[in-house]
Amino acid sequence: MTGRDVVFALLGVVAVGAGLLVVTTRQLVHAALWLVVSFGALAGCYLVLTAEFVAWVQVLIYVGAVVVLLLFGIMLTRAPVGPSEGLDSGNRRAALAVAAGTAALLVTVLVMGFRGTRLNDAPHCPPDATSCPARANGSAEHLGEAVFRTWVLPFEVLSVLLLAALVGAIVLSRTGLATRRDR
Amino acid sequence: MHLAFPLVTAALLFSAGVYGVLARRNAILVLMAVELMLNAVNLNLVAFDVHLRDRLHGGQVLTLFTIVIAAAEVGLGLAIVLLVFRNRRVIDVDRLRSLAESEPSGSSDPSGPPPAEPEREAVQ
């Protein structure tokens, strides 16, 4: 166990624990705040995995934007602030069985498949090698090159998708449209 | 570091998301659980991108795209949830049964009159 292992294991425990609290807590607002903890720990996991840019995008968009949107949704639907019963539906036992089955299956398969595999991000080069394979690097420079050279078409399509989602959200939340047609 | 660490973490997060989607009845909590599942997939993508040292950075770029799509999804999802709340005054997913065949008188009529004006103003 290196220091990196320990840090990643701690961050993973925090992420999974906060995720479990998100789906089990009895207070709506606390669920959103535990979501912040889970996403922050995941950003730390990305940093440990040398994916810096993805980590900061995760902090900006998930912790900054998505959780704030969810909190807005909680407030606008007039959710009870205190602990409230009845946040879980009747099929809680079936959901627990399905989730436990999913977890057991996935963990078993992944551990059996990747038991001895070490993360291969820092190649060992002999000192007399002329060219060393590139070290894994998730900095903004490398990712920007990849996005704007190789993946530029999906990137542009994604911007159209965002525009469509924006227009759709505006159309859905405008009040006048549907009622005017009905009358 | 073993590759199994991020993979097992992602699998457990995904299972928590599955439990949340199936067990919660508040629509906003269901959206949160969906976000958990998307994040588990992102962790897998980043871990394999770093492990395979992809020269095109396909995994991390796809992670960025997934984050953008998740943001669009949660925006649209919340708009729909707010619309349902404005029309029905309830966002419990197991009480929205007007598309089910049985229990025709279960919830409010979908073509019924919208609620009173002052409430609609207050919701916005």
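This is a predicted model: local features need pLDDT of at least 70, side-chain atom pairs count only at pLDDT 80 or more; totals for chains, interfaces and linings use all residues.
**View 1. Chain B, a chain in which buried residues make up 50% of the 124 residues.** Following the sequence, the pattern reads α-α-α-α. Of the contacts in chain B that link residues at least 6 apart in sequence, 44% join residues at least 24 apart.

**View 2. The side of chain B that touches chain A.** Here the two chains meet, with 65 residues of chain B and 80 residues of chain A taking part in the contact. On the chain B side, at least two residues come from each of helix 1, helix 2, helix 3 and helix 4 (117-123). Helix 3 of chain B gives the most, with 20 residues. Sorted by class, this side of chain B holds 47 nonpolar, eleven polar and seven charged residues.

**View 3. Helix 1 of chain A beside helix 1 of chain B.** Two helices from two chains share this view: residues 3-24 of chain A and residues 4-23 of chain B, packed at an angle of about 5° with their axes 9 Å apart. Helix 1 of chain A is therefore roughly parallel to helix 1 of chain B, since angles under 35 degrees count as such. To find the meeting place, look in chain A for residues including A:Phe8, A:Gly12, A:Val16 and A:Leu20. Their counterparts in helix 1 of chain B include B:Phe5, B:Leu12, B:Ala16 and B:Tyr19. The contact of helix 1 of chain A with helix 1 of chain B has 13 nonpolar, four polar and one charged residue.

**View 4. Helix 3 of chain A and its kink.** With 25 residues, helix 3 of chain A spans 35 Å from its first C-alpha to its last, close to the 36 Å expected at 1.5 Å a residue. Look for A:Tyr62, where a kink of about 25° is centred. A:Tyr62 is also one of the buried residues of this helix, along with others including A:Phe53, A:Val66 and A:Ile74. The buried residues pack against helix 2 (28-48) and helix 5 (140-149) of chain A, and against helix 2 (27-52) and helix 3 of chain B. After helix 3 of chain A comes A:Arg78, with a positive phi near 55°.

**View 5. Helix 3 of chain A alongside helix 3 of chain B.** The axes of these helices, residues 52-76 in chain A and residues 58-88 in chain B, come within 10 Å and cross at roughly 5°. The two helices are therefore roughly parallel to each other. From chain A, the contact draws on residues including A:Val54, A:Ile61, A:Leu69 and A:Leu76. From chain B, B:Thr63, B:Ile67, B:Val74 and B:Leu82 are among them.

View 6. Beyond its neighbours within four places in sequence, B:Val68 is in contact with A:Leu158 and A:Leu162. Within its own chain, B:Val68 and B:Phe48 are 20 residues apart, and their C-alpha atoms are separated by 20 Å.

Definitions and conventions. Residues are numbered from 1 along each chain as its sequence is written. Chains are lettered from A and ligands numbered from 1 in the order in which they are written. Axes are lines fitted to C-alpha atoms, for helices over the stretch in contact, and angles run from 0 to 180 degrees between N-to-C directions. Helices (H or I, at least four residues) and strands (E, at least two) are DSSP runs, numbered from the N terminus. Angles under 35 degrees count as roughly parallel, over 145 as roughly antiparallel, 65 to 115 as roughly perpendicular and the rest as oblique. Two residues are in contact if their C-beta atoms, placed from the backbone, lie within 7 Å. The expected span of a helix is 1.5 Å times one less than its number of residues. The bend at a residue is the angle between axes fitted to the seven residues ending there and the seven starting there. A residue is buried if 20 or more other C-beta atoms lie within 10 Å of its own, exposed if 12 or fewer, and partly exposed in between; C-beta atoms are placed from the backbone. Ala, Val, Leu, Ile, Met, Phe, Trp, Tyr, Cys and Pro count as nonpolar, Asp, Glu, Lys and Arg as charged, and the others, Gly among them, as polar.
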